[in-house]
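Please have the sequence and the structure open while I talk.

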Amino acid sequence: MLDFEDQYYNDEIKVIVGIDEAGRGPLCGPVVAACCILKKGYKNPNINDSKKLSEKKREVVYKEILENCLDYGVGIVSPGRIDEINILEATKEAMKIALSQLKIDYDLVLIDAVKLDINKKMIPIIKGDAKCECIAAASIIAKVTRDHILKDYALKYPQYGFDKHKGYGTKVHIEAIKRYGLIKGFYRETFEPIKSFLKK
């Protein structure tokens, strides 16, 4: 049971939002952040770090989270913007976009090891997605949202196999780039090994 956040509830902190991201490491596609406010006392044993769940299980739990959470937000930052400001700053930007979508006011942000410049009390927690249910829920929303984007690209460009590797630099993906080239506007041109393809 991920209940690390329970210790933070008190008379002043009544609403806690968890936030996490997906897609910092891939060679292409956006970075996606999500935030999630769960009801105090809500426990779903299926919620876990998104990386520990199968794709099929994530889809099921994703729907359970959206049906039961008090509020959530999603921020999506493009590959072009990632190249412009770097992946860390793009991740922070996506997180701020996600938070800006919340309709419910909150008292505390629990975040997975990143610090944001926001006017709210915030606690970064190392491996928070494996400790806090609200961060894990956010990680699932972010991961599933990004996977859906990559699946859409897989339909447009089936030869790249985006539905399988989700944009990470696997051997199959690199071979596809060598064979078919880069999809303009979709690849992160400041990332290795993409820079090496641009030099050719």
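This is a predicted model: local features need pLDDT of at least 70, side-chain atom pairs count only at pLDDT 80 or more; totals for chains, interfaces and linings use all residues.

When I say helix or strand, I mean a DSSP run, with at least four residues of H or I for a helix and at least two of E for a strand, numbered from the N terminus. Residues are numbered from 1 along each chain as its sequence is written, and side-chain values use heavy atoms, with hydrogens and water left out.

Let me stay with isoleucine 118 for a moment. Its relative accessibility is 23%, and it therefore counts as partly exposed, where buried means under 20% relative accessible area, exposed means over 50%, and partly exposed is what lies in between, computed with a 1.4 Å probe on protein chains only. Setting aside residues up to four places away in sequence, isoleucine 118 touches Lys96, Leu99 and Val109, and here, as throughout, contact means heavy atoms within 4.5 Å. Isoleucine 118 and isoleucine 19 are 99 residues apart in sequence, and their C-alpha atoms are 13 Å apart in space.

That brings me to helix H3, residues 87-100. H3 has 14 residues and reaches 20 Å from its first C-alpha to its last, close to the 20 Å expected at 1.5 Å a residue, the expected span being 1.5 Å times one less than the number of residues. Which residues of H3 are buried? They are Ile87, Ala90, Thr91, Ala94, Met95, Ala98 and Leu99, and what covers them includes strands S1 (16-22), S2 (31-37), S3 (71-77) and S4 (108-111), together with helix H2 (79-85).

Next comes helix H4, residues 133-156, which has 24 residues and spans 35 Å between its first and last C-alpha atoms, close to the 34 Å expected at 1.5 Å a residue. H4 is mostly covered, with 18 of its 24 residues buried. Alanine 142 is found in this helix, and at 0% relative accessibility it counts as buried. Leaving aside neighbours within four places in sequence, alanine 142 is in contact with Asp20, Glu21, Ala22, Val32, Ala33 and Ala34.

How does H4 pack with helix H1, residues 55-68? The two helices pack at an angle of about 120°, with their axes 9 Å apart; the axes are lines fitted to C-alpha atoms, for helices over the stretch in contact, and angles run from 0 to 180 degrees between N-to-C directions. That makes H1 oblique to H4, given that angles under 35 degrees count as roughly parallel, over 145 as roughly antiparallel, 65 to 115 as roughly perpendicular, and the rest as oblique. On the H1 side the contact is made by Glu55, Arg58, Glu59, Val61, Tyr62, Ile65 and Leu66, and on the H4 side by Ala137, Ile140, Ile141, Lys143, Val144, Thr145, Asp147, His148 and Lys151. These contact residues divide into 8 nonpolar, 2 polar and 6 charged, where Ala, Val, Leu, Ile, Met, Phe, Trp, Tyr, Cys and Pro count as nonpolar, Asp, Glu, Lys and Arg as charged, and the others, Gly among them, as polar.

I will finish with some backbone details. Most residues other than glycine have a negative phi, and most peptide bonds are trans. Lysine 127, in the loop between strand S5 (121-124) and H4, has a positive phi near 55°, and lysine 166, in the loop between helix H5 (162-165) and H6, also has a positive phi near 55°. Are these two lysines buried or exposed? Lysine 127 counts as exposed at 59% relative accessibility, whereas lysine 166 is buried, with a relative accessible area of 6%.

Finally, a cis peptide bond joins glutamate 192 and proline 193, with omega about 5°. Proline 193 lies in the loop between helix H6 (171-180) and helix H7 (194-198), and threonine 190 has its place in the loop between H6 and H7 as well. Threonine 190 counts as partly exposed, at 39% relative accessibility, and, not counting residues up to four places away in sequence, it touches Asp83 and Lys195.
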